[in-house]
Amino acid sequence: MRLIYVTSTLPYGKKEAFVIPEVRELLQRGHEVLVVPAHPRGEILHGDAKPLLPGTVYEPLVSGRVFRAAARMALAHPRGVASALGLLLRSRSPGVLLRNLAAFPKALWLSDLIRRRDAEHVHAHWATVPATMALVAGKVSGVHWSFTAHRFDIAEDNLLGEKVRGASFVRAISRRGAREIQEITGFCAAQVIHMGVELPPRPARRPGPPDRALVAANLLEVKGHVHLLRALRILRDRGVGVWLDVAGDGPLLGELAGEVRRLRLEDRVAFLGLVSHGRLLERMRGGAWGMFVLPSIVTPGGEQEGIPVSLVEAMGCGVPVIATATGGIPELLEGVDGALLVPPEDPEALADAMERLLREPGRAERLAAAGRRRVEECFSVRSTVDTLEKLFGEHGRRASR
């Protein structure tokens, strides 16, 4: 099939690496996949994103080509364009409306691209501006479209009801996300299709050093890094040696570095900065760490995790994981024998779980094996794309305008 994937910035920038395995699997199966970032910005930071470049259409959100294509589509399809604009005007707040209107010309440009490339289906990642572009382009071009809703983009409610009604199908990456879509829109419409990861071969596992832990996540409040640092201090006070590598960057870097100094953990915490997706996977597969810890929380504003792909990837690589019972994480760890799922914002519980893994290597091995099985059964990119491929095929015809 000839597919268009609308992303936020991928393959540019540091985010959305979790979409790469999905696109690559579709390409390997012989589909044509054109990647269209809504607002391309930043460098290509993930090496495994580079193979997507030949199939990427780089076009800024605002450019002469965008406005010329938008004008052509407005002249050719005035009623469809007017109807699409009318939908955007229903945005629930001035801020959401401004973001949608800013993307409107590029959405019309996307309609023109669909026509020129004879695309059969458009799929957007994120229920925000990427799905707005797909909504408008579908309305104007008549092509079938769909979108994946992740986590914060559901709560933002950017024309979510209009998008659910207009899409061929809606994908949620967790059961919790599907319930939230239903609560907001009143429709029981989202299908739960997990984000899939590429599984490394299954040789005998190379256990990492048990006293070295990894957290790989953007430095954001919802990730709960500060509670992990406090757990590390508790372990130090107990005389337990655990060293932590922090992979990722973000707005809380200065604050977290200050917390490390306050807790006197400079000798136990290393900030690795942004590590490319491919390099991080390579090191996890190679046994660089003995445990992966993700101390996610629910923020005061209500933000919480979907199913963190970094956690799925660690499990797929055979690394024992410790996580908190927030968002969609319990769904990921269902059926994982001996899963270490602790309450959020509880450094003592985190410290206890880390010490348990350190002192019980047999438990770490069993947890690693159980986590790997869970990912093989429910979170492999092959099974994800099996489902998507079927849906794209069913909804690859043009709709009536």
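The crossing of helices α4 and α5 is right-handed, a term used when the near helix is turned clockwise from the far one by less than a right angle. The model is predicted, with local features requiring pLDDT of at least 70 and side-chain atom pairs pLDDT 80 or more, while totals for chains, interfaces and linings use all residues. Residues are numbered from 1 along each chain as its sequence is written, and side-chain values use heavy atoms, without hydrogens or water.

Helix α4 spans residues 94-117 and helix α5 residues 129-141; their axes come within 8 Å and cross at roughly 50 degrees. Axes are lines fitted to C-alpha atoms, for helices over the stretch in contact, and angles between N-to-C directions run from 0 to 180 degrees. Helix α4 is therefore oblique to α5, since angles under 35 degrees count as roughly parallel, over 145 as roughly antiparallel, 65 to 115 as roughly perpendicular and the rest as oblique. Helices (H or I, at least four residues) and strands (E, at least two) are DSSP runs numbered from the N terminus.

Elsewhere, six strands form an open sheet with parallel pairing, in the order β9-β8-β7-β10-β11-β12; two strands pair if DSSP finds at least two bridges between them. Strands β9 (269-273) and β12 (340-342) stand at the edges with a single partner strand each, so one side of each lacks a neighbour in the sheet. From one strand to the next, the twist averages 25 degrees. Within this sheet, β7 (residues 212-216) and β10 (residues 291-294) pair in the parallel sense over two bridges, and L214 has F292 in β10 as its bridge partner.
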